[in-house]
Amino acid sequence: MGDKLYIVMPAYNEEENIQGVIDAWYPVVEKIGGESRLVIVNDGSKDRTFEMMQEYAKDKPLFLPLTKPNGGHGPTVLYAYRYAIQEGADYIFQTDSDGQTNPDEFQAFWDLRNEYDAIIGNRTVRGDGKSRKFVENVVCFLLRLYFGVKVKDANAPFRLMKSELVGKYIDRMWEDYNLPNIMFTTYFSYYKEKITFKEITFKPRQAGTNSINIKRIIKIGWKALGDFRKLKKGMKENS
């Protein structure tokens, strides 16, 4: 029996991207083989995303389309992580369904799985614009200020993690927490887990409309400050 990998993605109104994303990532799980699966969680899309996922799954036995009421990107990522853990995955790889990441870069992460418990992407060049890079820089600054951790990229949607490591920290976050990948990166760094950052490419969104605009980013960021204080208190209590 080989390593059981679950590639998980959230999807919201991605009917223009979903076929290309499935076609791009399905060969990765086929190559790993065994009980590995590609899992895409539809987050209450208002378009045909889930219907298309169901159609494509008919001739792709390693693809599992799931659906849930709309809750946002972060809670959907947490839902996917919990599902992968529940299904007994050895490794969880998370990326997004908007076509911005490159499956050809996965193998280099997979090759490092015996050396590190988590390998996290580092988007040194961002195809989604300077404003997003600025937001990421601010996030990394705040993590250093609040938690004393220095990370290269806190929120990259290209991360391979041992399931047991994800399970170690997932219950410290509430189910509807909206920035889980940032906090996983923070926990891993704060508690000196065996992790590394590896450079990846990051393309512009391939099609469709990004549901996160600057106004929403500011709103999310403001809420994050309060959440960071609460989570930091919990980290002190667990130290």
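A: The chain exposes about 11,700 Å², and carbon and sulfur atoms supply 50% of that (Shrake-Rupley areas with a 1.4 Å probe; for residues, only the protein chains shown count as cover). Bear in mind that this is a predicted model, where local features need pLDDT of at least 70 and side-chain atom pairs count only at pLDDT 80 or more, while totals for chains, interfaces and linings use all residues. Residues are numbered from 1 along each chain as its sequence is written, and side-chain values use heavy atoms, leaving out hydrogens and water.

Of the 239 residues, 52% are buried (buried is under 20% relative accessible area, exposed over 50%, partly exposed in between, with a 1.4 Å probe and protein chains only). The chain has eight helices and seven strands; these are DSSP runs, H or I of at least four residues for helices and E of at least two for strands, numbered from the N terminus. If you look at contacts (heavy atoms within 4.5 Å) with a separation of 6 or more, 81% of them join residues 24 or more positions apart.

The part I'd zoom in on is α7. Ten of its eleven residues are buried, so α7 is largely enclosed by the rest of the structure. The buried ones are Pro-180, Asn-181, Ile-182, Met-183, Phe-184, Thr-185, Thr-186, Tyr-187, Phe-188 and Ser-189.

Where do some of those side chains end up? Met-183, Phe-184 and Phe-188 are among the residues with the most contacts inside the largest nonpolar core, which has 44 residues. A nonpolar core here is a set of buried Ala, Val, Leu, Ile, Met, Phe, Trp, Tyr and Cys residues joined through side-chain atoms within 4.5 Å. Tyr-81, Leu-143 and Phe-228 are on that most-contacts list too. Zoom in on Met-183 and, leaving out residues up to four places away in sequence, you'll find it touching Phe-147, Met-173, Tyr-177, Phe-228, Leu-231 and Met-235. Apart from this core lies another, of 30 residues, including Met-9, Ile-18, Val-29 and Leu-112.

Now step off the end of the helix. α7 is followed by Lys-192, whose phi is positive, near 55°, even though Lys-192 is not a glycine. Lys-192 sits in the loop between α7 (180-190) and β7 (195-199), and this lysine is exposed, with a relative accessible area of 73%. There's another such case at Asn-13, a residue other than glycine with a positive phi near 50°. Asn-13 is in the loop between β1 and α1 and is partly exposed, at 26% relative accessible area.

One last stop is Arg-82, in helix α3 (residues 73-86). Arg-82 is partly exposed, with a relative accessible area of 24%. Setting aside neighbours within four places in sequence, Arg-82 contacts Ile-170, Asp-171, Met-173 and Glu-175.
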